Amino acid sequence: MKELFIILLSTILVNNYMLARIMGTCPFIGVSNQFDTAMGMAAAVIFVMSLAAAVTWMVQYYLLVPLGLGFLQTVSFILVIAALVQLIEMIILKMSPTLYRALGIYLPLITTNCAVLGVAVINVREGYNFIQAVISGTGGGIGFSLVLIAMAALREKLNTAPIAKSFQGFPLALIITAQMAMAFLGFSGFNLEKLFGL
Amino acid sequence: MDMSEKGLIITAAPHLRDRVATPRIMQVVFIALMPAALCGVYFFGPWAAINLVVGVASAVLWEYAIQKIWKFDITISDGSAALTGLLVALTLPPAVEPWVTALACLIAIGPGKIVFGGLGYNIFNPALIGRTFAALSWPSVLSAGYVAADGITAWKRGFDVVASATPLGLLKTGEIGATSLSRFYGPLFFGNVGGSLGETSAIALLIGALFLLFAGIITLRIPLVYLLTTAGLAMLFNQDPIFHLLSGGLILGAFFMATDYVTSPIKPAGQIVYAVGLGIFTFMIRMFGSYPEGVAFSILLMNCFVPLIERFGAQKRFGEVRNRA
C-alpha cells in the first residue's frame with residue numbers, strides 16, 4: 001500500500017511528466033490559455049493516461065512478451081493509445097460538443113502526447129505490476145493536470161498584463177514553464193521511501 | 001502598452017492604480033532589511049559588502065538597460081529593482097563570486113519581472129527566480145561561497161575566506177543529529193553561523209519584520225501560519241522545531257518574500273492555504289529532498305498555484321450562472 005502511495009506521489013510531484021521529464025509540452029502550452037478548456041483537457045489526460053497504462057501493460061505482458069515481439073513495443077503502444085484517444089474523442093463529442101470544439105486539435109493530439117507514451121514505456125522499464133502501472137498512469141495524469149490547471153490560472157491572470165508584443169502568448173508561456181520547472185526541481189531526489197518510513 | 005494609441009480608453013473597474021505608494025513601500029522594506037544586511041556584512045567580512053553593492057547596483061543597471069534597449073518606460077525610480085537586487089544578494093552565499101550575484105540579478109529582473117509586463121504582473125518572486133537560477137546553474141560556486149561567520153576575524157582576514165558548512169547542510173549530511181541541537185540556538189539567533197548573507201541573524205530579521213508590521217506594510221497572517229506549520233511538522237517528525245525555525249532562510253522568506261503583494265494571495269482564506277503549503281513544502285524538502293534548504297523552492301512552488309488558490313472561493317458576479325463547458 002505504501003509502495004503505491006510512493007508511486008502516486010512520485011509521478012505527481014517528483015517525476016512530474018511535464019515539469020521534471022518535460023513530456024507533453026505541446027498540449028500543455030496549447031490548451032493552457034483558457035481555464036475551462038484546460039479543465040476539460042486535464043480530465044481527458046487523466047482518463048487516457050490511466051487507461052493507456054492499463055491497456056499497454058496488458059499488451060506488453062500478454063501479447064508482446066509471450067510472442068517475443070518486444071521490438072514492436074513502441075509501434076503497438078502508439079497504436080493502442082491512438083485507438084483509445086479515438087474512443088474518447090467520440091465520447092466527448094457525444095457528451096459535450098462545446099468541450100469538443102474547445103479542445104479542437106489538441107484532443108487528437110493526445111495521441112502524440114509523449115507523456116502518454118512515456119507513462120506506458122516507463123511502466124515497463126520500471127517493471128511495475130498491473131496495479132502499480134495503473135497507479136503510475138493515474139498519478140502521471142494527475143501531475144500533468146495539476147500543472148496544466150495551475151498554468152491556465154496563471155495565464156488567465158496575465159490576460160490584463162501589459163506584456164510586450166514579442167513575448168505575448170507562446171514565448172511567455174515557455175518562460176513560465178521554465179520557471180515552474182525550476183520550482184519543481186525542489187522535489188528532485190525526493191526520498192519518498194524515507195517519508196513513508198520504508 | 002499600446003493603450004495610448006487607441007485614443008479613447010474605456011476600461012472595466014477597478015480603476016485604482018496607486019503608483020505613488022510603490023516607492024514608499026519599497027523604501028520601507030529596503031530599510032527593514034538593513035539590520036540583516038549589516039549583520040551579514042559584520043559577520044562575513046568584506047565579500048558580503050561587495051556582494052550587497054553588486055546586487056543592488058547590478059539589478060538597477062539591468063532594469064535600466066533592458067528597458068532602455070526595448071524602449072519600455074524606465075521604472076528604476078520605483079525602487080523595486082534595488083529591493084530585488086538586495087534580496088538576491090541576501091539570499092546568496094556571502095562570499096559567492098560577485099559575477100554570480102550580478103547574473104542572478106539579470107535573471108531576476110529580465111525573465112523574472114520585465115517579460116511579464118513589469119512590477120505588479122510577475123507571477124514568481126523575482127529575487128527567488130534569480131537566486132534559484134544561480135543555485136541550479138552553479139551549485140559548486142555557490143557552496144564555495146558559504147564562509148565562516150567570524151565577525152572581526154573575518155574582516156582581519158580580508159579577502160581570504162574560510163569555508164564553513166551551514167547547519168542545515170550538516171543536518172542533511174547527517175553530521176549532526178535531529179535532537180539536542182540547542183547549542184545552535186544562540187548562533188542562529190544572533191547570526192554567527194554559516195549561511196546565506198542575510199539569513200543567519202534571526203534577531204536582525206525579526207527587528208526588520210517588526211518594523212514592517214508596525215509600518216503596516218505586511219500582516220502577520222502569512223508569516224505566522226508559515227512558521228507554525230513548519231514548527232508543527234518538525235514536532236510531528238521528531239525534529240527540533242526551534243532549530244528548524246531559526247535556521248536557513250525561513251524567517252527571511254516568511255516575512256520578506258512570502259508576503260510579497262504581487263505573488264501572494266489577497267483573500268485571507270487563500271493566504272492561509274498558501275502559507276500552509278509553504279510550510280509543508282519547506283519542511284518536506286529540508287527533510288526528504290536532495291537540497292538542504294527548501295524555502296526558496298517552496299515559495300516559487302506556491303507562487304505557481306496562487307492564481308489557482310485565488311480562483312477557488314472567488315466571488316460570483318451577481319446573477320452569474322456557471323456555464324458548462
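**Exercise 1.** In this predicted model, determine which residues of H4(A) are buried and what they pack against.

*Solution.* Step 1: apply the cut-off for burial, under 20% relative accessible area. The residues of H4(A) that count as buried are A:Gln73, A:Ser76, A:Phe77, A:Val80, A:Ile81, A:Leu84, A:Val85, A:Ile88, A:Glu89 and A:Ile92.
Step 2: identify the partners. The buried residues of H4(A) pack against H3, H5, helix H6 (106-109) and helix H7 (114-125) of chain A.
Step 3: examine the span. Helix H4 of chain A, residues 73-95, has 23 residues; from first C-alpha to last it reaches 33 Å, close to the 33 Å expected at 1.5 Å a residue.

**Exercise 2.** State how much area is buried between chain A and chain B, and which residues of chain A lose the most.

*Solution.* Step 1: about 3300 Å² is buried between the two chains, with carbon and sulfur atoms giving 73%.
Step 2: on the side of chain A, A:Pro162, A:Gln179 and A:Met182 lose the most area to chain B, together 19% of what that side buries.
Step 3: count the residues in contact. Chain A contributes 37 residues and chain B contributes 37 residues.

**Exercise 3.** Describe the polar links between the chains and the elements of chain A that touch chain B.

*Solution.* Step 1: the count is 1 salt bridge; it joins the side chains of A:Glu156 and B:Arg311 at 2.3 Å, N to O.
Step 2: 5 residue pairs are in polar contact between chain A and chain B, both residues at pLDDT 80 or more.
Step 3: helices H3 (35-67), H5 (97-103), H8 (130-157), H9 (170-184) and H10 (192-195) of chain A each give two or more residues to the side touching chain B. H9(A) gives the most, with 8 residues.
Step 4: by class, the residues of this side of chain A divide into 24 nonpolar, 8 polar and 5 charged.

Terms used. Residues are numbered from 1 along each chain as its sequence is written. Chains are lettered from A and ligands numbered from 1 in the order in which they are written. This is a predicted model: local features need pLDDT of at least 70, side-chain atom pairs count only at pLDDT 80 or more; totals for chains, interfaces and linings use all residues. Side-chain values use heavy atoms; hydrogens and water are left out. Contact means heavy atoms within 4.5 Å. Buried area is the accessible area (1.4 Å probe) that two parts lose on being put together, summed over both. A salt bridge is a side-chain nitrogen of Lys or Arg within 4 Å of a carboxyl oxygen of Asp or Glu. A polar contact is a pair of N or O atoms within 3.5 Å; within protein, one must be able to donate a hydrogen and the other to accept it, and residues adjacent in sequence count only if both atoms are side-chain atoms. Helices (H or I, at least four residues) and strands (E, at least two) are DSSP runs, numbered from the N terminus. Ala, Val, Leu, Ile, Met, Phe, Trp, Tyr, Cys and Pro count as nonpolar, Asp, Glu, Lys and Arg as charged, and the others, Gly among them, as polar. The expected span of a helix is 1.5 Å times one less than its number of residues. Buried means under 20% relative accessible area, exposed over 50%, partly exposed in between (1.4 Å probe, protein chains only).
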